[in-house]
Amino acid sequence: MTRRFRSALGWCVALLVLAGCREGAGPVAVPPPPPPPPSAFTPGVPVFGQRDFIEYVPGALAVVISVPHGGLVAPQDIPNRTVGTTVTDNNTIELARAISAALVARTGRAPHLVVTHLRRTKLDANREIVEAAAGNAQAMQAWTEFHAYVDTAKAIAVARHGFAVYVDVHGHGHPIARLELGYLLSASTLGQDDNTLNAGSLASSSLRGLPPLHRPFAEILRGPTSLGGLLAARGVSAVPSPTMPSPGSDPYFNGGYNTQRHTVGAVVGLQLEAHFAGVRDTEASRLAFADAFAESLHRWIEEHVRRSW
Ligand SMILES: [Zn+2]
């Protein structure tokens, strides 16, 4: 069953890529087959794209986790990218799997997980396709598969639960050892007071699909029941949070291509930028962080979404 999905999706994507490469050379005569329906995926049974570069583990929770920068596979036949960033977010695949396991331990069900195993020198799945794949057909196919699997995961979650929470997992190397939670709001926006945030920032944030709001937006974003607040209460320093409402002039990632692209409609989410020491450096760190994150996410959904997940 796994192989059939791989081949159907792969063929579809290959034709799309081929059509793009042959622009001006006439249309492709054979229409691509439809992608597999969401109902065709089984929770816990992983499926893979071409050459196993992209892995999708279907889940049963209303949570979709993606990892675009943790891959270590660097095939010689795909040239290194020469434009953009190529630094690997070390141990973020392991971190995401730990978060998935912690959610299973807490709820009995797993989130959806989409991972690229390609090294960032070959593919940056958190950029639009031109910078992401540098024109290489195989990298373009992997990029298309990555986002198709995230779309599938979102569709399954929204069909079942009416919403989804999307978490794009990264690792940063900034000097301050704290989580950077990116909701698509700039440091200067986060520098505003709560009343100003409440009045006008929801629509441009990655939580824009949340309404009806049960709490003021600033509370959801950086109050005691925000994700940053809940994590801080469990010993994980985070911005934004009650004690660090804004990054100010310090380096801060506020969310990239994936967060912008995938937090639409009934999907809310964030970019999770993890520091290294104490979060993703060792298995013990990852287990402890994953437990704190799973508990915090659980509380956050109960407080602010208030739907079965
Ligand atoms: Zn990253």
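Predicted model: local features only at pLDDT ≥ 70, side-chain atom pairs only at ≥ 80, totals over all residues.
As for spacing along a helix, an α-helix has 3.6 residues a turn, so residues three or four places apart point the same way.

How far does α10 reach? From its first C-alpha to its last, α10 spans 31 Å over 22 residues, close to the 32 Å expected at 1.5 Å a residue. After α10 comes arginine 306, with a positive phi near 60°.

Now to one of those neighbours, α2. Helix α2 covers residues 92-107 and α10 covers residues 283-304; the two pack at an angle of about 55°, and their axes are 8 Å apart. That makes α2 oblique to α10. The crossing of α2 past α10 is right-handed.

Who meets whom there? On the α2 side we have Glu94, Leu95, Ala98, Ile99, Ala101, Ala102, Leu103 and Arg106, and on the α10 side Arg286, Leu287, Ala290, Asp291, Phe293, Ala294, Glu295 and His298. Sorted by class, this contact has ten nonpolar, one polar and five charged residues.

Let me step back to the whole protein for a moment. The protein has ten helices and eight strands. Of its 309 residues, 48% are buried. If you take contacts between residues at least 6 apart in sequence, 72% of them join residues at least 24 apart.

Proline 211 and proline 212 are joined by a cis peptide bond, with omega about 10°. Another cis peptide bond links valine 239 to proline 240, with omega about 0°. Proline 240 belongs to the loop between β7 (238-239) and α9 (257-262).

Then there are positive phi values away from glycine. Arginine 51 has a phi near 55°, and its place is in the loop between β1 (47-48) and β2 (54-57). Leucine 184 is not a glycine either, and its phi is positive, about 70°. That leucine 184 lies in the loop between β6 (179-182) and α5 (187-190).

Is each of these buried or partly exposed? Arginine 51 is partly exposed, because 16 other C-beta atoms lie within 10 Å. Leucine 184 counts as buried, because it has 20 C-beta neighbours inside 10 Å.

One last stop, and it takes us back towards α2. Proline 79 is in the loop between β3 (63-67) and α2. Because proline 79 has 13 C-beta neighbours inside 10 Å, this residue counts as partly exposed. How far is proline 79 from alanine 139 in sequence and in space? They are 60 residues apart in sequence and 9.5 Å apart in space, C-alpha to C-alpha.

Definitions and conventions
Residues numbered from 1 in each chain as written. Axes fitted to C-alpha atoms, helices over the stretch in contact; angles between N-to-C directions. Helix = DSSP H or I, 4+ residues; strand = E, 2+ residues; numbered from the N terminus. Parallel < 35°, antiparallel > 145°, perpendicular 65-115°, else oblique. Left-handed = near helix turned anticlockwise from the far one by under 90°. Contact = placed C-beta atoms within 7 Å. Nonpolar A, V, L, I, M, F, W, Y, C, P; charged D, E, K, R; others polar. Buried ≥ 20, exposed ≤ 12 C-beta atoms within 10 Å, placed from the backbone. Expected span 1.5 Å × (residues − 1).
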